[in-house]
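Take a moment to look along the chain from end to end. Then follow the text from one pair of neighbours to the whole.

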Amino acid sequence: MPIRIRWTSKEYFGATLILLAMNGMIQLFFIFIGQYVLEMGNHIILILIPIGVWVAIFFASLIIFESYAQVERREKLKSRFSKKIAKYSTIKKFLDFHLTKPLLIVFIVFNGFFFSSFFISTLFLDKAMSFLTAEIISAISCLLIANIIERNYGRIHRY
């Protein structure tokens, strides 16, 4: 899972900060769910584990962003002289923004795996351990999905 963008450069530094902040907002949402909806009081599980998961889903969103950027660069090089006469709807414009696809993919995958693994693990474990298990499983699944997207969609063919 190589990341080829220099994230501290002037061009991509803003995108990096936006991805970091939005992934932090996702984790704040899950901390809120864990503390108030699930009524957990263990601060180690509610604060320290989501910080590690935040880093993992940030890395997954960076990988997905880079794979979509590679495809966009390849399409731009292929269709350099073509004319653009297309009218887009508002939803299409929103989805074509370069930061929405990685964030939506990470959010959907994280939510799906979190809630399914949480409800399955509550059958066998208490709430705190179920929350911990669900966070870890969903973070690992986000990294695996990002790896799959990078391998199958964002690869560059060099001849």
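**A pair of packed helices**

Helix α4 (residues 100-121) packs against helix α5 (residues 127-152) at an angle of about 145°, and their axes are 8 Å apart. Here an axis is a line fitted to C-alpha atoms, for helices over the stretch in contact, and angles run from 0 to 180 degrees between N-to-C directions. Two packed helices are described by the angle between their axes and the distance between the axes.

The crossing of α4 past α5 is right-handed. A crossing is right-handed if the near helix is turned clockwise from the far one by less than a right angle, and left-handed if anticlockwise.

Which residues make the contact? On the α4 side they include I105, V106, V109, F110, F113 and F114. On the α5 side they include F131, A134, I137, S138, C142 and I145. Contact means heavy atoms within 4.5 Å. The residues of this contact between α4 and α5 divide into 14 nonpolar, five polar and two charged. Nonpolar covers Ala, Val, Leu, Ile, Met, Phe, Trp, Tyr, Cys and Pro; charged covers Asp, Glu, Lys and Arg; the others, Gly among them, are polar.

This is a predicted model: local features need pLDDT of at least 70, side-chain atom pairs count only at pLDDT 80 or more, and totals for chains, interfaces and linings use all residues. Residues are numbered from 1 along each chain as its sequence is written, and side-chain values use heavy atoms, with hydrogens and water left out.

**The whole chain**

Now step back. The chain has five helices and zero strands. Its pattern along the sequence is α-α-α-α-α. Helices (H or I, at least four residues) and strands (E, at least two) are DSSP runs, numbered from the N terminus.

How much of the chain is buried? Of its 159 residues, 39% are buried. Buried means under 20% relative accessible area, exposed means over 50%, and partly exposed lies in between (1.4 Å probe, protein chains only). The accessible surface of the chain is about 10,500 Å², and 69% of it belongs to carbon and sulfur atoms. These areas come from the Shrake-Rupley method with a 1.4 Å probe; for residues, only the protein chains shown count as cover.

Contacts also reach along the sequence. Among those between residues at least 6 apart, 81% join residues at least 24 apart.

The expected span is 1.5 Å times one less than the number of residues. Buried residues of α4 include P102, L103, N111, S117 and F118. Their cover includes α1 (13-37), α2 (43-78), α3 (90-96) and α5.

S138 sits in helix α5. Its relative accessibility is 0%, so S138 counts as buried. Leaving out residues up to four places away in sequence, S138 touches F110, F113 and F114.

I137 is also in helix α5. At 37% relative accessibility, I137 is partly exposed. I137 and F118 are 19 residues apart along the chain, and their C-alpha atoms are separated by 9.4 Å.

I145 belongs to helix α5 too. Is I145 buried or partly exposed? I145 counts as partly exposed because its relative accessibility is 27%. Beyond its neighbours within four places in sequence, I145 is in contact with I105 and V109. I145 and V109 are 36 residues apart in sequence, yet 8.0 Å apart in space, C-alpha to C-alpha.

**Back to α1**

Helix α1 has 25 residues, which should span 36 Å at 1.5 Å a residue; its end C-alpha atoms are 35 Å apart, which agrees. Its buried residues include A15, L19, G24, I26 and F30. Helices α2, α4 and α5 are among what covers the buried residues of α1. After α1 comes E39, with a positive phi near 55°.

Finish at I26, in helix α1. Its relative accessibility is 8%, so I26 counts as buried. I26 touches I57, F107 and F110, not counting residues up to four places away in sequence. I26 and V106 are 80 residues apart along the chain, and their C-alpha atoms are separated by 9.5 Å.
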